[in-house]
Amino acid sequence: MTVIIDYGVGNLFSLLSSFAAIGEKAKVSSDKNEIENADRILLPGVGAFSDAAYKLETSGLKNALYSAAEKGVPIMGVCLGMQLLFDKSYEYGEYQGLGFISGEIRPISDFIPKDLKIPHIGWNKLNVIKQHPLLKYTGNNDFAYFVHSYCAVDCKNSVLATTEYGAELTAVVAKANVMGCQFHPEKSGESGLKILKAFCELKRGDL
Amino acid sequence: MITKRIIPCLDVKDGRVVKGINFTGLKEISSPVELAKYYSENGADELVFYDITASSDGRKIFTDILCETAKNVFIPLTVGGGINSLDDFDRVLKCGADKVSVNSGALKNPDLIGSAAKLYGNQCVVLSVDIKRVNGVFTVFAKGGRENTGLDAIEWIKRGVDDGAGEIVVNSIDTDGVKNGFDIPMLKAVCDAVNVPVIASGGAGKVDDFITLFKTLPKVDAGLAASVFHFGEIKIKDLKIQMQENGICVRL
């Protein structure tokens, strides 16, 4: 059973539908016990970093995530959920993230030509740079649906895939049992479902 | 690089998909659930669901159908029609919409875009505008194109983007249903005025219309159409293959 963390942020309906489509059990929960004992955890997120980080902290779910991570539970962040996995973000200030993966979240506009539109919104190709069980069904140049104005930088060797938008932007990351996608796998058609399927095949202690 | 998006639009009334020609004379097509699943699996990059029912009973049928549709659709889903308040945003987002398109609701309540963008993020708020030339001026029309608001369309769109609209749908009443190509001059005026994604709507009749659109106006991000897709006059896969052959970046 995959637990989708409900902390009042994100489109949980689509995530649940995606898991149903690939025949995997998933449930939405904000219960600390359920989260700590999940087979795997999905951390969603849409909106502002500071707001989401605050909600994770005050709900006590941050500690549940740390405890699950320590037990080796596979954890995947999606979109803002991925950004929360990093050390800190500079979205409207400077805010601490969960610190699972080294790196920080910066405005895309710092890295791309001025004539490109922000947010980076739409379908873009994945450039797989490192093999990983999460990408076992993913082909190089598979398309994914992105919607974001901030991106992960200085991620050292945790980057698994990038996408090109005036610069190489971080698309998929992983460090040990914690991983994340900047794009929305639940909105990326077949290629997104393949990533969710690969995630659902991961078991505690695999990574 | 990001691809140009092809978006079928499903006008939904009483639980069925319809398409008006010049906004009148509705003709029934098919089940929205089936049509959406078909498009999602056959190359559409995104779907727009437009609720054209007026009654509250119709609203309920629409949201039920929307939930059923969203369960089978794994591409972005934009919902519009009858969006007048934050409660309306909440209602359709809970049924699986990713973005919400506002039109007349923003004209009635100019604070709607700003408050929705603040609550759900700019990426969630799409400003859809029905535009017609009046004495040579691009003018905003309300109520499905029936009522002249007297507003300058370019000023209205600029204001919407300043308030937080993350995308603009430009629907040309002058070219809608005519199937003789998109309204290039109107779209150019919008693209020159804002720096958020612009979605062209109204006038697609053949594959070349899309190619002309993206070749002439590289700043346009997406092309939206209804009947040409619903009636199979244009197959989305064929369209995208021809776009690619013409050097336009697409998802295939």
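This is a predicted model: local features need pLDDT of at least 70, side-chain atom pairs count only at pLDDT 80 or more; totals for chains, interfaces and linings use all residues.

Residues are numbered from 1 along each chain as its sequence is written, and chains are lettered from A and ligands numbered from 1 in the order in which they are written.

**Entry 1: the cores**

I looked up the nonpolar cores. A nonpolar core here is a set of buried Ala, Val, Leu, Ile, Met, Phe, Trp, Tyr and Cys residues joined through C-beta atoms within 7 Å. Buried means 20 or more other C-beta atoms within 10 Å of the residue's own, exposed means 12 or fewer, and partly exposed is in between, with C-beta atoms placed from the backbone. The largest core counts 78 residues, and L47(B), V100(B), I168(B) and V170(B) have the most contacts inside it. I then listed what V170(B) touches, leaving out residues up to four places away in sequence: V129(B), I131(B), M186(B), L187(B), V190(B), V198(B), I199(B), A200(B) and S201(B). Another core, of 67 residues, lies apart from it and includes C79(A), L98(A), M179(A) and L202(A). For context, nonpolar side chains in soluble globular proteins tend to be buried together.

**Entry 2: chain B overall**

I counted 10 helices and 12 strands in chain B; helices (H or I, at least four residues) and strands (E, at least two) are DSSP runs, numbered from the N terminus. The radius of gyration of chain B is 17 Å, close to the 18 Å from the globule rule for 252 residues, so chain B is as compact as a globular protein of that length. That radius is taken over C-alpha atoms, and the rule is 2.2 Å times the number of residues to the power 0.38. Along the principal axes, the C-alpha atoms of chain B fill a box of roughly 45 × 40 × 35 Å. Of the 252 residues in chain B, 52% count as buried. Among its contacts with a separation of 6 or more, 65% come from residues 24 or more positions apart.

Is S30(B) buried, exposed or partly exposed? It has 14 C-beta neighbours inside 10 Å, so S30(B) counts as partly exposed. S30(B) belongs to strand β3 (residues 24-30) of chain B. Ignoring neighbours within four places in sequence, I found S30(B) in contact with V17(B) and L35(B). From S30(B) to T139(B) it is 109 residues in sequence and 33 Å in space, C-alpha to C-alpha.

T139(B) has D152(B) as its bridge partner in β9(B). Strands β8 (residues 137-142) and β9 (residues 147-152) of chain B pair antiparallel over three bridges; pairing needs at least two DSSP bridges between two strands. β8(B) and β9(B) form a hairpin with four residues between them, and K143(B) in the turn has a positive phi of about 50 degrees.

**Entry 3: chain A overall**

Chain A comes to six helices and 14 strands. Its radius of gyration is 15 Å, close to the 17 Å of the globule rule for 207 residues, so chain A is as compact as a globular protein of that length. The C-alpha box of chain A is roughly 45 × 35 × 30 Å along the principal axes. Of the 207 residues in chain A, 51% count as buried.

**Entry 4: sheets in chain A**

I traced an open sheet of eight strands with mixed pairing, in the order β2-β1-β3-β4-β14-β13-β12-β9 (chain A). Its edge strands, each pairing on one side only, are β2 (26-29) and β9 (127-128) of chain A. Within chain A, β1 (residues 2-5) and β3 (residues 40-43) pair parallel over three bridges, and I4(A) has L42(A) as its bridge partner in β3(A).

An open sheet of four strands runs β6-β5-β7-β11 (chain A), also with mixed pairing. There β6 (95-96) and β11 (150-153) of chain A are the edges. Four bridges join β7 (residues 101-107) of chain A to β11(A), antiparallel, and P107(A) is partnered by Y150(A) in β11(A).

**Entry 5: where the chains touch**

The contact takes 25 residues from chain A and 21 residues from chain B.

Key: Two residues are in contact if their C-beta atoms, placed from the backbone, lie within 7 Å.
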